[in-house]
Amino acid sequence: MTKDLSSGRREFFKVSAAAIGATALAGSALTTSAQAATPKFKSEEHWAQKGDVKLYMYRKYVDDGVKNKPVLFLVHGSSFSGRGGFDLQVKGHPNYSFMEEFADHGFDVWTLDHENYGRSTRTSSNSDIRSGADDLKAGFRVVEKVTGQKALRVYAQSSGAIRSGVFGMEEPDRIERLVLDAFTWTGEGAPEIMARRAQVESYKAKPTREMTRDSFRRIFSRDDPSTFEPAMAEALADYELALGNTAPSGTYLDMAIHMPMVDPTKLPFPVLMTRAATDGNATEKELMDFFALLPNKDKQFAMMKGVAHVAVLGINRHRIWHVMKEFFTYPDIRTV
């Protein structure tokens with residue numbers, strides 16, 4: 001009887017192919033696992049010195065070997081720190097980190113905790129606008145030392161936009177492009193600024209304001225609570241309250257009685273002004289008047305539905321991110 005070898009060969013090749021496939025899949029799984037274990041983002045901590053005050057700085061970028069990435073510097077407002085607001089991680093709610101979003105878009109992203117915020121030195125100062133502008137001077141020197149870049153792209157929010165405006169008037173060669181988000185120029189007729197004027201004596205009496213979990217919730221429920229997720233406010237409160245339960249009163253005092261502090265005619269660089277559909281910190285008219293006086297014709301004014309005062313932490317944060325990405329990557333002017 002003749003033995004049929006063809007069926008045996010077929011079986012052998014089936015088994016061999018299965019084994020090879022399994023090995024390839026295992027190798028692919030190991031590669032994927034290794035890639036997942038490798039952090040996409042690289043972060044660094046730095047410190048700036050302003051006299052006796054140490055200012056905490058935080059940097060985040062994609063570690064992909066690309067050198068001399070454009071630097072984006074983020075400036076926080078009156079009630080929470082730079083790292084807290086701009087690199088916020090919300091469990092079960094992805095993509096809240098402003099820093100990761102723009103690092104993924106090719107930027108080398110930096111922020112700073114102003115004096116009396118976050119991890120920076122806590123002093124008896126009320127950390128007013130003038131103090132904040134000096135913080136930026138110290139922080140920019142660190143960025144220049146580390147990256148070699150002197151003129152930076154800047155995003156500044158709320159009172160941080162006023163700080164950046166004062167800084168930009170004094171050191172205009174330090175700013176390449178500036179986003180003024182939720183800016184206040186005069187504050188006249190703006191509901192939140194009028195409310196602060198009624199509290200002026202309390203801001204004068206104490207250099208700090210008490211911050212509670214409800215304080216952070218009110219930041220986002222003030223203008224339009226439908227534009228924010230409650231989990232975000234809780235995550236922000238968790239981060240900030242672990243570092244301290246006060247915020248300086250200086251910017252509130254300045255915004256109540258010392259406005260205007262920024263002269264638009266002294267900001268020579270390109271400016272983007274972003275305005276939420278609902279924001280009690282300024283009237284639409286004052287911002288349009290400010291915009292008209294900006295001397296550089298490479299300027300933009302963006303109004304957006306679906307966001308409120310702290311747009312970059314809202315449900316529709318992708319909308320303001322989109323506008324900023326376009327502005328920060330605007331093509332250079334061509335010449336013949």
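A pocket, as the word is used here, is an open set of grid points where a 1.4 Å probe fits, with protein on both sides within 12 Å along at least five of seven lines. In this predicted model, the largest pocket has a volume of about 450 Å³. Of the 22 residues that line the largest pocket, Ser-79, Glu-192, Arg-209, Ile-219 and Tyr-252 are the closest to its centre. The second largest pocket has a volume of about 240 Å³. The largest nonpolar core holds 45 residues, and another core, of 42 residues, lies apart from it.

**Largest pocket**

- Helix α6 (191-197), strand β7 (208-210) and helix α8 (213-221) each supply at least two residues of the lining of the largest pocket.
- By residue class, the lining of the largest pocket divides into seven nonpolar, nine polar and six charged residues.

**Second largest pocket**

- The lining of the second largest pocket is made up of 14 residues, and those nearest its centre are Arg-59, Tyr-61, Val-66, Lys-67 and Asn-68.
- Strand β2 (residues 53-62) gives the most to the lining of the second largest pocket, namely three residues.
- Four nonpolar, four polar and six charged residues form the lining of the second largest pocket.

**Nonpolar cores**

- In soluble globular proteins, nonpolar side chains tend to be buried together.
- Within the largest nonpolar core, Phe-98, Tyr-155 and Met-324 touch the most other members.
- Two or more residues of this core come from each of β2, β3 (71-75), α3 (98-103), α8, α9 (230-241), β9 (271-276), β10 (300-304) and α12 (317-328).
- Helix α12 gives the most to this core, with six residues.
- Not counting residues up to four places away in sequence, Phe-98 touches Leu-72, Leu-74, Phe-86, Tyr-155, Val-312, Trp-321 and Met-324.
- The core of 42 residues that lies apart from the largest one includes Phe-73, Met-255, Leu-267 and Ala-282.

**Ser-164**

- Ser-164 lies in helix α5 (residues 159-170).
- Ser-164 has a relative accessible area of 1%, and it therefore counts as buried, since the cut-off for that is under 20%.
- Leaving aside neighbours within four places in sequence, Ser-164 is in contact with Val-75, Leu-136, Val-154, Ala-156, Ile-175 and Leu-178.

Note on methods. Residues numbered from 1 in each chain as written. Predicted model: local features only at pLDDT ≥ 70, side-chain atom pairs only at ≥ 80, totals over all residues. Heavy atoms only, no water. 1 Å grid on protein atoms, 1.4 Å probe; cavity = no way out; pocket = protein on both sides within 12 Å on 5 of 7 lines; lining within 4 Å. Points joined across faces, edges and corners; volume = space filled by probe spheres on them. Helix = DSSP H or I, 4+ residues; strand = E, 2+ residues; numbered from the N terminus. Nonpolar A, V, L, I, M, F, W, Y, C, P; charged D, E, K, R; others polar. Core = buried A, V, L, I, M, F, W, Y, C linked by side-chain atoms within 4.5 Å. Buried < 20%, exposed > 50% of the residue type's maximum accessible area, 1.4 Å probe, protein only. Contact = heavy atoms within 4.5 Å.
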